[in-house]
Amino acid sequence: LSADGAISIAKPTTFLDSSSATNAMTLADGVLAGQMKNILLTARTSACTVTVGTGKFLVPNSADKTVYTFASTGMLTVVWTGSKWFMVGMSGGSFTS
């Protein structure tokens, strides 16, 4: 994806590209507990954020978050718990709010 919009929860992996424009992406709630989602930013020149819908990002050793911001190319891997996206792995960014 290279423009603002929704990240598909029907596919396990989504590739993002913010090389030509800032991307503000949204991630809806998962369908089943245990559902895994991989989000990879493969090219970055402009800002790229991922905001969750009604759920929250559950980050170990931190308060719940709603926005992940890529600072460089990288990845975010999350698993749906039934009410929140649990962060399993990340690189190239951080939770900003």
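Figure 1. Met36, Phe86 and Val88 together form a nonpolar surface patch of about 250 Å². Keep in mind as you look around that this is a predicted model. Phenylalanine 86 belongs to strand S8, which covers residues 85-95. With a relative accessible area of 32%, phenylalanine 86 is partly exposed.

Figure 2. Is threonine 77 buried or exposed? Its relative accessible area is 8%, and residues under 20% count as buried, so threonine 77 is buried. You will find threonine 77 in strand S7. Setting aside residues up to four places away in sequence, threonine 77 touches Met36, Lys37, Asn38, Phe86, Met87, Val88 and Gly89.

**Figure 3. The largest nonpolar core.** Now let us look inside. In soluble globular proteins, nonpolar side chains tend to be buried together. Here the largest nonpolar core has 19 residues, and those with the most contacts inside it are Leu16, Leu27, Ile39, Val50, Phe57, Phe70 and Leu76. At least two core residues come from each of strand S3 (23-27), S4, strand S5 (48-52), strand S7 (67-80) and S8. Which strand gives the largest share of this core? That is S7, with five residues.

**Figure 4. Leucine 16 and its contacts.** Leucine 16 is among the residues with the most contacts inside the largest nonpolar core. Not counting residues up to four places away in sequence, leucine 16 touches Leu1, Met25, Ile39, Leu40, Leu41, Thr42, Ala43, Cys48, Val50 and Phe70. Some of these partners, including Ile39, Val50 and Phe70, are also listed among the core residues with the most contacts.

**Figure 5. Threonine 42, a partner of leucine 16.** Threonine 42 sits in strand S4, made of residues 36-44. Its relative accessibility is 49%, so threonine 42 counts as partly exposed. Which residues does threonine 42 contact, leaving aside neighbours within four places in sequence? They are Phe15, Leu16 and Thr73. Threonine 42 and leucine 16 are 26 residues apart along the chain, yet their C-alpha atoms are separated by 6.1 Å.

Figure 6. Lysine 84 and aspartate 64 meet through their side chains in a salt bridge, with 2.3 Å from N to O. Lysine 84 lies in the loop between S7 and S8, while aspartate 64 lies in the loop between strand S6 (57-58) and S7, so the pair ties together parts that are 20 residues apart in sequence. Both ends are partly exposed: lysine 84 has a relative accessible area of 24%, and aspartate 64 has a relative accessibility of 32%. The count of salt bridges comes to one.

**Figure 7. Stepping back to the chain.** How many helices and strands does the chain have? There are zero helices and eight strands. The C-alpha trace spans about 35 × 30 × 20 Å along its principal axes. For 97 residues, a compact globule would have a radius of gyration near 13 Å, and the chain agrees with this at 12 Å. Of the 97 residues, 33% count as buried. Among contacts between residues at least 6 apart in sequence, 56% join residues at least 24 apart.

Methods
Residues numbered from 1 in each chain as written. Predicted model: local features only at pLDDT ≥ 70, side-chain atom pairs only at ≥ 80, totals over all residues. Heavy atoms only, no water. Helix = DSSP H or I, 4+ residues; strand = E, 2+ residues; numbered from the N terminus. Buried < 20%, exposed > 50% of the residue type's maximum accessible area, 1.4 Å probe, protein only. Contact = heavy atoms within 4.5 Å. Patch = residues over 30% accessible without salt bridge, like charges linked within 9 Å, V, L, I, M, F, W, Y side chains within 5 Å. Areas by Shrake-Rupley, 256 points an atom, 1.4 Å probe, with all protein chains shown as cover. Salt bridge = Lys/Arg side-chain N within 4 Å of Asp/Glu carboxyl O. Core = buried A, V, L, I, M, F, W, Y, C linked by side-chain atoms within 4.5 Å. Rg over C-alpha atoms; globule rule 2.2 N^0.38 Å.
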